[in-house]
Amino acid sequence: MLPVLGILFGLFVAFTAAQVWSDSDRATAAVSREASSLRAVILLASGLPPEQEARLRGLVRDYVEETVAVEWPMMARQAASLKAAPPALTAALRLVVSTPAQNPGQQTTQHEIITNLNSALDARRQRIIVSQTEVDSIKWWCLYLQAICELLVIALVHCDNRLGSAIAMGLFATGVATSVLLIAAHDRPFTGQISIAPTPLLQIMPDKEASR
C-alpha cells in the first residue's frame with residue numbers, strides 16, 4: 001500500500017502544483033505584455049502633434065498610477081472587476097482616434113498606438129482574470145486526505161517499531177508540509193510576500209515633466 005499511496009499523493013501534488021505554476025506564468029506574462037504595450041505607446045507618441053503627445057503620455061502615467069495604487073491591492077483581495085474599463089486608457093483611445101492624421105506616417109503611427117492600447121487592455125483583462133483564480137477547496141481536501149491515509153499506512157506498517165514509525169511519519173509529514181506551503185505560497189499570484197509586483201509598469205511610466 002505504501003508505494004501506491006505515495007504515488008497517488010505525488011500525482012495530487014503534481015496536478016495541484018501544475019495549476020499554480022501555470023497561473024503564475026500567465027500572470028507574469030500578462031504584466032510583461034501590458035508594460036511592453038504601454039512602452040510602445042509612449043515611444044510612438046512622439047509621432048503625434050506635441051499637444052496630443054503630452055496628453056497621451058499623461059494618460060499613460062495616470063493609468064499606471066491608478067493601477068499600482070488601486071487595482072493592485074484589489075487584485076490581492078480578489079476584488080478587481082472587469083465591469084468598468086480603465087478611464088485613462090479609454091480616454092487615450094478616444095484621443096488617438098479623434099486626432100486627425102496630417103500625413104500617411106502619422107496615420108500609421110495612430111494605427112500602431114491603437115493596436116498597442118488594445119493589447120494593453122487585453123493584458124489587463126488577463127491579469128485580472130488570473131488574480132481571481134486559486135486552488136479550489138476540493139483539491140486541498142483531497143490532498144490532505146491522501147496525506148492522512150499515507151501517514152496511517154506508515155504507522156500500521158511500522159507498528160512493531162515505534163521509533164522507526166515516528167521517524168518515517170515525521171519525514172513524510174515534513175514533506176507534506178513543505179509541499180503544501182510551497183503550493184499555498186504561489187496559489188494566488190498577486191497575494192503574499194512573493195506576489196507579482198507592478199515593477200514592469202513602474203519602469204515604463206513616463207516622467208511628470210515629460211507628460212506635460
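Are helix 2 and helix 4 roughly parallel or roughly antiparallel to each other? Bear in mind that you're looking at a predicted model. Select both: helix 2 covers residues 50–76, and helix 4 covers residues 104–131. Their axes sit 12 Å apart at an angle of about 5 degrees, so the two helices are roughly parallel. Now show side chains. From helix 2, pick L56, Y63, T67, E71, W72 and M75; they meet I113, R124, R127, I128 and S131 of helix 4. By class, that contact has 6 nonpolar, 2 polar and 3 charged residues.

Stay on helix 4 for a moment. Its 28 residues reach 41 Å from the first C-alpha to the last, close to the 40 Å expected at 1.5 Å a residue. Zoom in on its start, where a side-chain oxygen of N103 comes to within 3.1 Å of the backbone nitrogen of G105.

The rings of W72 and F190 make an edge-to-face aromatic pair, 5.4 Å centre to centre with 85 degrees between the planes. W72 belongs to helix 2, while F190 is in the loop between helix 6 and helix 7, 118 residues apart, so to speak from distant parts of the chain. The model has 4 aromatic pairs by this rule.

Last stop: helix 5 (residues 137–157) and helix 6 (residues 162–185). Here the angle is about 170 degrees and the axes are 9 Å apart, so this pair is roughly antiparallel. Among the residues making the contact are W140, Y144 and L151 from helix 5, and M169, F172 and I183 from helix 6. Colour the contact by class and you get 15 nonpolar residues, 1 polar and 1 charged.

Notes
Residues are numbered from 1 along each chain as its sequence is written. This is a predicted model: local features need pLDDT of at least 70, side-chain atom pairs count only at pLDDT 80 or more; totals for chains, interfaces and linings use all residues. Side-chain values use heavy atoms; hydrogens and water are left out. Axes are lines fitted to C-alpha atoms, for helices over the stretch in contact, and angles run from 0 to 180 degrees between N-to-C directions. Helices (H or I, at least four residues) and strands (E, at least two) are DSSP runs, numbered from the N terminus. Angles under 35 degrees count as roughly parallel, over 145 as roughly antiparallel, 65 to 115 as roughly perpendicular and the rest as oblique. Contact means heavy atoms within 4.5 Å. Ala, Val, Leu, Ile, Met, Phe, Trp, Tyr, Cys and Pro count as nonpolar, Asp, Glu, Lys and Arg as charged, and the others, Gly among them, as polar. The expected span of a helix is 1.5 Å times one less than its number of residues. A polar contact is a pair of N or O atoms within 3.5 Å; within protein, one must be able to donate a hydrogen and the other to accept it, and residues adjacent in sequence count only if both atoms are side-chain atoms. Rings of Phe, Tyr and Trp (its six-membered ring) pair if their centres lie within 6.5 Å; planes under 30 degrees apart count as stacked, over 60 as edge-to-face and the rest as tilted.
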